[in-house]
Amino acid sequence: MSDLAREQKLELYRFMRLNRVVEERLVNLYRQGKVVGGLYRSLGQEATSVGSAYALRKGDVVGPLIRNLGVVLVMGYSPRDVMTQYMARATSPSGGKDCNLHFGSPERGVISPISMLGALVPVMAGIALAGRMQKKDLVAMTWIGDGGTSTGAFHEGVNFAAVQKLPLVVIAENNGWAYSTPFRKQTAARCLADKAAAYGIPGDQVDGNDVLAVYDAARRAVDRARSGGGPTLIEAMTYRMKGHAEHDAQAYVPKAELEEWRERDPIARYSRTLFESGAAAAADLEAIDSAVSEEVDREVEAAEKSPLPTPDAALHGVYASGAADVEPVIVRRTP
Amino acid sequence: MSGPAHLGAPDETATAKGQTTYVDAIREGLREEMQRDPSVFLIGEDIGVYGGAFKVTDGLIGEFGEERVIDTPISETAIVGAAVGAAMMGMRPVAEMQFIDFISCAFDMITNFAAKSRYRTGVGVPLVIRGPSGGGVHGGPFHSQNPEAYFAHTPGLKIVQPATAADAKGLIKAAIRDDDPVLFFEHKFLYRRIKEEMPPGDHVVPIGKAAVRRAGRDLSVITYGAMVWTALEAAKILEAEGIDCEVVDLRTLFPMDEETVLESVAKTNKAILLHEATRTGGIGAEIAAVLSERCFEYLDGPLVRVTAPDTPVPYSPPLEEAFLPNAEKLCRAARALAGY
């Protein structure tokens with residue numbers, strides 16, 4: 001059972017709550033037409049993101065996916081950062097150049113994903129490799145969905161990390177669905193943790209809706225990685241409670257399954273755990289809830305006031321110096 | 001000097017002592033950069049103990065150890081992916097594609113991860129991807145390609161293709177020092193066929209600067225890579241016929257040195273765009289567009305492409321010879337253009 005102090009246990013609760021409330025406000029903004037493009041939910045998966053990232057320490061580097069809102073919050077990005085991203089504002093971490101959770105910087109310990117799933121795995125292996133060469137003692141952690149484990153990049157990345165014994169932790173978030181494709185059409189493997197055997201690394205499976213269990217499993221893997229034991233693949237069993245994105249009503253998902261998983265909601269479960277263990281009283285959690293709510297209110301307001309980028313910014317930042325041309329160049333230079 | 005006729009024989013004096021081959025020049029450049037900067041490391045297949053399929057990295061593992069000369073599984077995506085991650089952390093990786101044809105296996109990592117990183121997140125990716133491109137050695141469809149045009153279409157990449165041994169050294173050093181991802185396309189036919197004396201000291205050739213390899217009045221041949229030698233060979237033949245060719249070696253395909261190209265064509269008023277890569281959507285087409293936009297009134301003839309045809313690279317010697325541009329094909333085009 002986890003080695004966490006009471007304050008840390010309450011912090012885990014706060015991050016999960018923050019994850020959920022930020023997303024609820026984003027849904028409002030989406031319905032008001034203020035979100036540019038799609039909104040990707042992590043409802044029901046908060047424990048996986050928060051519990052795993054919480055096992056890291058300063059100097060470690062993560063490569064989250066678009067459903068890992070909890071990860072970037074644990075890593076210190078603000079709700080405003082996330083909201084300005086979704087609203088394509090100039091003040092967002094990507095300056096309006098990229099969408100949703102596609103942002104990060106190595107200085108802040110976050111590597112931005114690209115939309116091609118699996119691609120982060122070799123890149124995070126490279127982060128771990130650089131860390132080892134620079135004697136930084138860092139651990140790299142990344143996430144992949146059940147769908148993403150079918151890509152070639154996932155295979156190449158895990159295999160390379162295993163051969164090199166790199167300090168990399170891969171959390172395979174099995175939420176049952178890749179867009180509309182169910183797990184059984186994604187792989188013939190019994191479970192994703194089994195895939196670890198093919199790489200000669202430890203594979204672990206954990207209840208992804210139990211934040212302490214996720215933390216414990218991640219912590220074991222992080223400690224192993226830091227002590228030179230190489231990568232670990234952790235399969236976190238969870239469920240995607242919403243569609244692929246907000247536009248998707250997920251008609252393909254059996255209602256009974258959703259009901260079953262609603263009973264396992266990670267935040268409600270964790271609240272009960274905190275009560276039963278005596279770590280928190282109802283009033284403690286209510287205080288956290290209202291603080292989170294107020295914080296997010298302020299952040300929404302600030303995000304909405306943030307400006308959109310100016311058009312000329314589109315031409316800059318492709319290279320370390322210089323800007324792209326936009327107009328056709330017709331030059332008359334009569335001999 | 002032996003080999004398929006598509007490449008011109010470099011200067012006969014290029015066998016004197018104290019001279020460095022193209023392949024040795026690349027290795028010298030790599031070694032000097034690794035000595036200068038501990039963040040430079042090499043990663044690729046069979047590059048360590050074996051020294052690389054073409055021995056470009058021969059001996060470097062002995063000098064720098066397996067931590068800085070990393071042999072990998074057969075995983076181009078992981079090679080480039082790991083290089084991208086390491087570069088984001090401040091390292092200066094040089095990734096080898098055993099044959100440049102295999103760069104397609106890492107296309108996503110190059111075009112979507114490395115190329116777009118600075119623009120969308122502000123995080124630069126100072127990595128070099130290098131490897132042997134080109135034909136003339138009967139390597140067949142998967143060991144002979146010239147894939148530069150795929151990448152010239154991707155903002156965020158720089159593309160370099162040295163024609164001479166001195167440039168091979170100077171440009172690999174510049175590529176390693178560059179803060180953006182650089183694709184460094186070597187020509188395998190040149191590895192051991194050309195030699196020259198290396199300029200002294202820390203020889204760095206700036207990215208984005210073309211070189212006029214032969215001055216001429218009648219027409220400009222704009223080219224790069226091994227085709228520079230083809231152009232020089234053709235220019236000799238044409239000189240005897242009274243056609244005076246200027247040969248411009250682009251050296252960098254992106255960002256292109258448009259000024260040198262424009263200056264040359266403004267002087268000769270006629271241009272041939274020569275490359276070993278296939279025709280449609282090639283670098284030659286891009287140069288033709290630039291000349292049309294920026295040099296139209298200087299042109300006294302059509303912009304002519306001499307390139308490989310739009311086919312895969314065939315294997316059998318007579319087929320490959322039919323495929324590759326050579327001095328004879330270039331001369332035919334030059335005569336027609338000169339008489340236009």
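Predicted model: local features only at pLDDT ≥ 70, side-chain atom pairs only at ≥ 80, totals over all residues.
Local features were considered at pLDDT of at least 70 and side-chain atom pairs only at pLDDT 80 or more, whereas totals for chains, interfaces and linings use all residues. Residues are numbered from 1 along each chain as its sequence is written, with chains lettered from A and ligands numbered from 1 in the order in which they are written.

Chain B contains eleven helices and 14 strands, where helices (H or I, at least four residues) and strands (E, at least two) are DSSP runs numbered from the N terminus. Its C-alpha trace spans about 60 × 45 × 40 Å along the principal axes. Buried residues (20 or more other C-beta atoms within 10 Å of their own, the C-beta atoms being placed from the backbone) account for 57% of the 340 residues in chain B.

An automatic or database assignment divides chain B into domain 1 (20–196) and domain 2 (211–338), whose C-alpha centres lie 26 Å apart. Their contact, defined by C-beta atoms placed from the backbone and lying within 7 Å, takes 25 residues from domain 1 of chain B and 22 residues from domain 2 of chain B.

In chain A, helix α1 (residues 6–31) has 26 residues and is followed by A:G33, whose phi is positive, near 75°.

Conventions: Buried ≥ 20, exposed ≤ 12 C-beta atoms within 10 Å, placed from the backbone. Expected span 1.5 Å × (residues − 1). Contact = placed C-beta atoms within 7 Å.
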